[in-house]
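I opened my notebook to go through this one piece by piece. Here is what I looked up, in the order I looked.

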Amino acid sequence: MPKTSRKTFLTKSLYLVACLSLGEGALSLTEELMAETKPSGPAPEGLKPVSESDPTAKALGFHHDAKQTDFTFYPERKEPTAKNHFCKHCAQYTKLNEEWGKCNIISAGVVSSLGWCSAWSQKT
Ligand code: SF4
(Lines give C-alpha, C1' and ligand atoms only; values in the text may rest on other atoms or scores of the structure.)
Protein backbone atom coordinates (compact mmCIF):
# COMPACT_ATOMS: atom_id res chain seq x y z
CA MET A 1 0.00 0.00 0.00
CA PRO A 2 1.48 3.39 -1.03
CA LYS A 3 2.22 5.92 1.70
CA THR A 4 0.27 9.18 1.56
CA SER A 5 2.23 12.27 2.45
CA ARG A 6 0.84 14.74 4.93
CA LYS A 7 0.72 17.38 2.15
CA THR A 8 -1.30 15.09 -0.15
CA PHE A 9 -3.65 14.19 2.69
CA LEU A 10 -4.26 17.86 3.55
CA THR A 11 -4.76 18.81 -0.12
CA LYS A 12 -7.31 16.04 -0.62
CA SER A 13 -9.09 16.92 2.63
CA LEU A 14 -9.39 20.59 1.63
CA TYR A 15 -10.71 19.57 -1.79
CA LEU A 16 -13.30 17.31 -0.16
CA VAL A 17 -14.46 20.07 2.22
CA ALA A 18 -14.74 22.54 -0.69
CA CYS A 19 -16.83 20.07 -2.73
CA LEU A 20 -19.14 19.38 0.21
CA SER A 21 -19.64 23.12 0.81
CA LEU A 22 -20.57 23.74 -2.83
CA GLY A 23 -22.95 20.81 -2.81
CA GLU A 24 -24.60 22.08 0.36
CA GLY A 25 -25.07 25.54 -1.21
CA ALA A 26 -26.76 24.04 -4.27
CA LEU A 27 -29.01 21.93 -2.06
CA SER A 28 -30.08 24.91 0.03
CA LEU A 29 -30.95 26.89 -3.12
CA THR A 30 -33.00 23.99 -4.43
CA GLU A 31 -34.82 23.85 -1.10
CA GLU A 32 -35.55 27.57 -1.28
CA LEU A 33 -36.93 27.18 -4.79
CA MET A 34 -39.00 24.21 -3.66
CA ALA A 35 -40.44 26.26 -0.80
CA GLU A 36 -42.29 28.45 -3.27
CA THR A 37 -45.55 26.89 -4.28
CA LYS A 38 -47.39 26.83 -7.55
CA PRO A 39 -50.45 29.09 -7.53
CA SER A 40 -53.56 27.15 -6.78
CA GLY A 41 -56.20 29.76 -7.46
CA PRO A 42 -57.99 30.10 -10.76
CA ALA A 43 -57.01 32.83 -13.21
CA PRO A 44 -58.95 36.08 -12.84
CA GLU A 45 -62.43 35.93 -14.36
CA GLY A 46 -62.47 36.19 -18.13
CA LEU A 47 -58.74 35.53 -18.44
CA LYS A 48 -56.86 32.32 -19.11
CA PRO A 49 -53.35 31.25 -18.17
CA VAL A 50 -50.93 31.48 -21.07
CA SER A 51 -50.16 28.09 -22.54
CA GLU A 52 -46.61 26.93 -21.87
CA SER A 53 -46.61 25.63 -25.45
CA ASP A 54 -47.33 29.14 -26.79
CA PRO A 55 -44.47 29.84 -29.27
CA THR A 56 -43.20 32.91 -27.39
CA ALA A 57 -43.49 31.19 -24.01
CA LYS A 58 -41.69 28.13 -25.31
CA ALA A 59 -38.93 30.16 -26.94
CA LEU A 60 -38.27 31.90 -23.62
CA GLY A 61 -38.39 28.73 -21.51
CA PHE A 62 -41.45 29.97 -19.62
CA HIS A 63 -43.14 27.90 -16.92
CA HIS A 64 -45.94 28.96 -14.56
CA ASP A 65 -44.01 27.09 -11.90
CA ALA A 66 -40.41 28.31 -11.89
CA LYS A 67 -39.33 24.97 -10.38
CA GLN A 68 -40.06 23.44 -13.77
CA THR A 69 -37.34 25.52 -15.44
CA ASP A 70 -34.99 23.45 -17.57
CA PHE A 71 -31.77 24.12 -15.67
CA THR A 72 -29.77 22.51 -18.46
CA PHE A 73 -30.73 25.37 -20.78
CA TYR A 74 -30.96 28.03 -18.08
CA PRO A 75 -28.31 27.27 -15.43
CA GLU A 76 -28.36 30.93 -14.33
CA ARG A 77 -31.82 30.32 -12.81
CA LYS A 78 -30.11 28.02 -10.31
CA GLU A 79 -27.63 30.65 -9.12
CA PRO A 80 -28.15 31.98 -5.57
CA THR A 81 -28.61 35.47 -7.04
CA ALA A 82 -31.68 34.19 -8.94
CA LYS A 83 -33.57 32.95 -5.91
CA ASN A 84 -36.13 35.79 -6.15
CA HIS A 85 -36.43 35.72 -9.90
CA PHE A 86 -40.13 35.15 -10.36
CA CYS A 87 -42.63 36.88 -12.61
CA LYS A 88 -43.90 38.86 -9.62
CA HIS A 89 -40.52 40.60 -9.37
CA CYS A 90 -40.08 41.12 -13.12
CA ALA A 91 -40.18 44.51 -14.81
CA GLN A 92 -42.55 43.09 -17.45
CA TYR A 93 -45.15 41.97 -14.87
CA THR A 94 -48.35 43.79 -13.94
CA LYS A 95 -50.02 42.27 -10.90
CA LEU A 96 -53.72 41.38 -11.20
CA ASN A 97 -53.97 39.58 -7.87
CA GLU A 98 -51.61 37.65 -5.54
CA GLU A 99 -51.28 34.75 -7.97
CA TRP A 100 -51.65 36.12 -11.47
CA GLY A 101 -50.54 39.00 -13.61
CA LYS A 102 -50.04 40.20 -17.15
CA CYS A 103 -46.72 40.04 -18.94
CA ASN A 104 -45.71 42.58 -21.58
CA ILE A 105 -43.76 39.94 -23.51
CA ILE A 106 -45.84 36.77 -23.22
CA SER A 107 -49.26 38.28 -23.75
CA ALA A 108 -51.41 35.35 -24.90
CA GLY A 109 -52.89 35.01 -21.41
CA VAL A 110 -52.00 35.68 -17.80
CA VAL A 111 -48.85 34.40 -16.11
CA SER A 112 -48.37 33.02 -12.64
CA SER A 113 -46.72 35.25 -10.05
CA LEU A 114 -44.33 32.33 -9.40
CA GLY A 115 -43.45 31.79 -13.05
CA TRP A 116 -40.20 32.57 -14.78
CA CYS A 117 -38.80 32.96 -18.29
CA SER A 118 -35.40 33.85 -19.69
CA ALA A 119 -36.51 37.45 -20.39
CA TRP A 120 -36.78 38.12 -16.65
CA SER A 121 -35.43 41.50 -15.52
CA GLN A 122 -35.57 43.14 -12.11
CA LYS A 123 -38.57 45.37 -11.43
CA THR A 124 -37.37 48.78 -10.21
S1 SF4 B 1 -40.90 38.48 -19.03
FE2 SF4 B 1 -41.05 38.52 -16.80
S3 SF4 B 1 -43.25 38.55 -16.33
FE4 SF4 B 1 -42.99 37.88 -18.46
S5 SF4 B 1 -42.98 35.65 -18.33
FE6 SF4 B 1 -40.84 36.33 -18.32
S7 SF4 B 1 -40.31 36.50 -16.13
FE8 SF4 B 1 -42.57 36.40 -16.27
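**Entry: the cavity lining.** I started with the largest cavity, which is lined by 13 residues. Cys-87, Cys-90, Gln-92, Cys-103 and Cys-117 lie nearest its centre. A cavity here is a set of points, on a 1 Å grid over the protein atoms alone, where a 1.4 Å probe fits but cannot get out, and lining residues have an atom within 4 Å of a point. I noted the idea behind it: rolling a probe the size of a water molecule over the atoms shows where empty space is left.

The lining of the largest cavity splits into 12 nonpolar residues, 1 polar and no charged. For that sorting, Ala, Val, Leu, Ile, Met, Phe, Trp, Tyr, Cys and Pro are nonpolar, Asp, Glu, Lys and Arg are charged, and the others, Gly among them, are polar. The space in the largest cavity comes to about 110 Å³; a volume is the space filled by probe spheres set on the points, with grid points joined across faces, edges and corners. I got 2 cavities of 30 Å³ or more.

**Entry: ground rules.** I wrote down that this is a predicted model, where local features need pLDDT of at least 70, side-chain atom pairs count only at pLDDT 80 or more, and totals for chains, interfaces and linings use all residues. Residues are numbered from 1 along each chain as its sequence is written, and side-chain values use heavy atoms, with hydrogens and water left out.

**Entry: the cysteines.** Are Cys-90 and Cys-117 buried or exposed? Cys-90 is buried at 8% relative accessible area, and Cys-117 is buried at 9%. Buried means under 20%, exposed over 50%, and partly exposed in between, with a 1.4 Å probe and protein chains only.

**Entry: the layout.** I counted 2 helices and 3 strands, in the order α-α-β-β-β along the sequence. These are DSSP runs numbered from the N terminus: helices are H or I with at least four residues, strands are E with at least two. The chain has 124 residues, and 31% of them count as buried.

**Entry: the rings.** I found 1 aromatic pair. Tyr-74 and Trp-116 sit edge-to-face, 5.4 Å centre to centre with 70° between the planes. Rings of Phe, Tyr and Trp (its six-membered ring) pair if their centres lie within 6.5 Å; planes under 30 degrees apart are stacked, over 60 edge-to-face, and the rest tilted. This pair links distant parts of the chain, 42 residues apart: Tyr-74 is in the loop between α2 (55-59) and β1 (93-95), and Trp-116 is in the segment after β3 (111-112). Tyr-74 is buried at 16%, and Trp-116 is buried at 3%.

I also saw Arg-77 over the face of Phe-86, 5.0 Å from the ring centre. To count, NZ of Lys or CZ of Arg must be within 6 Å of the ring centre and within 35 degrees of the ring normal.

**Entry: the loop between α2 and β1.** Lys-67 lies in this loop and is partly exposed at 26%.

Definitions and conventions. 1 Å grid on protein atoms, 1.4 Å probe; cavity = no way out; pocket = protein on both sides within 12 Å on 5 of 7 lines; lining within 4 Å.
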